[in-house]
Amino acid sequence: MTSPSTAPAVTALAPETLRSWIEQHQDLVVIDVRSAAEFESMHIRGSYNVPLPLLSEHTDELAARLGSRVVLVCQSGARAEQARQRLGKSGIDGVYVLTGGAPGFAAAGGDVVKGKNRWDLERQVRLVAGSLVVLGLAGGKFVSPKIRTLAGVIGTGLTFSAATNTCAMGQAISAMPWNKAAKEPTRESAILTLPIADAPALDTLEEAKAS
């Protein structure tokens, strides 16, 4: 049996639990790591939008502002988990990943803000990847067998994406014009507007960095 001191930390958070925490006005910060366009389409009321690329670039600066309880949100949990790992390396341990993302929270009756309807980034990735595979197979049959290589390349890319928990195609698609919001988050507008954690939390972070 695993002893309590060595048991792995529970990082998954049910949407019902988050809803209860918010309704009880508990001290926490909810950070949505999706793109600005996805955030604009629907987000948890009161959450902050810090897209994963921006979080990755300023992880230490963001971590220095966070308190003891942080909830990370994306569409399915994959990007939020990447963000949790990065924050963990900066000394922030009390971080949860919301199960089911923003859609799961909405389905659980949570308070969300809805805007312009867009396809989420992960759905766009599936569409593009699937279309390229079909194109490669069809082109290999009717144009040239060499075109079938395209399907293999896409398959290899998706396998690598799953193994490394990253998505180069998603990053590329997120840069497309239709995935841009009217106001894209910046270090100043996203990270520096977050409430600063209490001094004890900051002291704990500094100790973790020094050790």
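Visitor: Is Asp32 buried or exposed in this predicted model?

Guide: The cut-off for buried is under 20% relative accessible area. Asp32 has a relative accessible area of 1%. Asp32 is therefore buried.

Visitor: Asp32 forms a salt bridge with which residue?

Guide: The closest N and O atoms of the pair are 2.8 Å apart.

Visitor: Which residue in β4 is the bridge partner of Asp32?

Guide: β2 pairs with strand β4, residues 48-49, in the parallel sense. That pairing runs over 2 bridges. In β4, the partner of Asp32 is Asn49.

Visitor: How many bridges pair β2 with strand β5?

Guide: Strand β5 spans residues 70-73 and pairs with β2 in the parallel sense. Val29 has Val70 as its bridge partner there. The number of bridges between β2 and β5 is 4.

Visitor: Arg79 forms a salt bridge with Glu38; how many residues apart in sequence are the parts this pair ties together?

Guide: The closest N and O atoms of Arg79 and Glu38 are 2.8 Å apart. Arg79 lies in helix α5 (residues 78-89) and Glu38 in helix α2 (residues 36-41), so the pair ties together parts whose separation in sequence is 41 residues.

Visitor: Are Arg79 and Glu38 buried or exposed?

Guide: Buried requires under 20% relative accessible area. Arg79 has 11% relative accessibility. Glu38 has 6%. Both therefore count as buried.

Visitor: Which salt-bridge network includes Glu61?

Guide: Glu61 and Arg187 meet in a salt bridge, 2.8 Å from N to O. Glu61 is in helix α4 (residues 59-63) and Arg187 in helix α10 (residues 187-191), 126 residues apart. Glu61 is partly exposed at 26%, and Arg187 is partly exposed at 29%. Through shared partners, salt bridges join one network of Glu61, Arg187 and Glu188.

Visitor: How many salt bridges does the structure hold?

Guide: Glu61 with Arg187 is another. The structure's total is 7.

Methods
Residues numbered from 1 in each chain as written. Predicted model: local features only at pLDDT ≥ 70, side-chain atom pairs only at ≥ 80, totals over all residues. Heavy atoms only, no water. Salt bridge = Lys/Arg side-chain N within 4 Å of Asp/Glu carboxyl O. Buried < 20%, exposed > 50% of the residue type's maximum accessible area, 1.4 Å probe, protein only. Pairing = 2+ DSSP bridges.
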